[in-house]
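My notes follow in the order I took them.

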Amino acid sequence: MKNIVVFTGAGISAESGIKTFRDTGGLWDEYDIKDVATPEAWERNPILVLDFYNARRKQVMEAQPNTAHKALVELEKKFNVQIITQNVDDLHERAGSKKVLHLHGEIMKARSTADPSIVHTLKSSNLLLGDKCKKGSQLRPHIVWFGELVPNMELAYLLVEKADILIVTGTSLNVHPAAGLVEYAPRDSAKYIIDPNEVNLLMEEGFTYIKKNAGNGLPELCQKLLNEK
Ligand code: APR
């Protein structure tokens with residue numbers, strides 16, 4: 001069975017109604033990263049950080065997977081599909097994808113500030129000051145903030161190095177080390193990027209560029225791959 005690695009970003013969830021970060025009107029137009037998505041922000045004003053993620057978590061809980069997420073589940077009929085996502089939403093999982101690796105954390109989880117191995121799955125959208133782990137320390141969003149290590153990067157590199165096919169969609173490839181993943185695909189792998197806008201990826205790297213929304217481009221590409229002998 002051929003290996004397909006799908007590297008996704010905020011754009012794949014855009015058609016589920018979840019804002020991207022850097023499109024016009026995106027999240028970083030509304031909030032300053034250093035106020036809500038850094039360890040220093042958490043030290044300085046944990047309530048503002050908790051409110052930021054509570055609002056996003058509510059939106060994720062109200063959102064549904066879209067045709068792009070579902071197309072990737074169909075691919076599993078014929079391929080070994082590994083999703084590597086920068087997204088913190090759980091739409092890939094809720095669509096039914098079996099193998100999802102999150103690089104930047106998971107918004108439906110919270111972890112202990114005293115022991116990062118203690119991770120809780122949240123049932124409600126609100127994580128509040130005073131919500132503590134069993135060791136009595138405050139729970140924080142299970143998110144990789146700017147300036148923090150990306151613990152799953154090593155595994156992600158290994159997965160991309162084994163890809164027969166790499167599909168990239170919904171990411172501006174602006175944030176490292178995640179964006180550097182595309183350089184680890186084998187030279188002879190088939191590479192596709194699906195994005196309605198120009199992306200900062202040198203086409204010489206052998207990518208087929210599909211200038212479409214993921215909601216249209218991904219189902220079409222998946223059908224093509226499923227039909228291939
Ligand atoms: N279908 C496919 N792609 C889309 C769609 C769509 N419907 N709508 C927008 N896009 C594309 C945009 O053209 C852009 O290339 O999705 C990309 C969104 O880019 P960003 O907003 O930068 O999101 P992302 O690349 O996921 O950000 C990476 O930055 O802030 C951090 O941790 C955060 O994981 C995030 C990381």
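I started with the side chains of lysine 34 and aspartate 32, which meet in a salt bridge, 2.8 Å from N to O. This is a predicted model, so I treat every value here as computed. I checked how open the two partners are. Lysine 34 has a relative accessible area of 49%, so I logged it as partly exposed. Aspartate 32 has 33% and is also partly exposed.

How many salt bridges does the structure hold? I noted 13. One of them joins glutamate 30 to lysine 19, with the closest N and O atoms 2.3 Å apart. Glutamate 30 sits in helix 2, residues 27-30, while lysine 19 is in the loop between helix 1 (11-14) and helix 2, so this pair ties together parts that are 11 residues apart in sequence. Glutamate 30 is partly exposed, because its relative accessibility is 46%. Lysine 19 is partly exposed at 37%.

I looked up another pair, glutamate 106 and lysine 109. Their side chains form a salt bridge at 3.2 Å, N to O. Lysine 109 comes out at 25% relative accessibility, so I wrote it down as partly exposed; the buried class stops under 20%.

Next I turned to aspartate 195. I found it in the loop between strand 8 (190-194) and strand 9 (207-210). Leaving out residues up to four places away in sequence, I listed the contacts of aspartate 195 as Gly170, Thr171, Tyr209, Ile210, Lys211 and Lys212.

I then checked the cover. I counted 24 residues around the ligand, the closest being Arg22, Thr171, Ser172, Asp195 and Asn197.

I moved on to tryptophan 42, which has its place in helix 4, residues 39-44. Buried or exposed? Its relative accessibility is 10%, so tryptophan 42 counts as buried. I listed its contacts beyond four places in sequence: Val49, Leu50, Thr113, Gln138, Leu139, Arg140, Pro141 and Trp145. I followed up on tryptophan 145. It is 103 residues from tryptophan 42 along the chain, yet their C-alpha atoms are separated by 9.7 Å.

My last stop was asparagine 87, in the loop between strand 2 (80-85) and helix 7 (91-95). I logged asparagine 87 as buried, because its relative accessible area is 6%. Which residues does it touch, leaving aside neighbours within four places in sequence? I found Thr8, Gly9, Ala10, Ile12, Ser13, His102 and Gly105 in contact with asparagine 87.

Notes: Residues numbered from 1 in each chain as written. Predicted model: local features only at pLDDT ≥ 70, side-chain atom pairs only at ≥ 80, totals over all residues. Heavy atoms only, no water. Helix = DSSP H or I, 4+ residues; strand = E, 2+ residues; numbered from the N terminus. Contact = heavy atoms within 4.5 Å. Near = heavy atom within 4 Å. Buried < 20%, exposed > 50% of the residue type's maximum accessible area, 1.4 Å probe, protein only. Salt bridge = Lys/Arg side-chain N within 4 Å of Asp/Glu carboxyl O.
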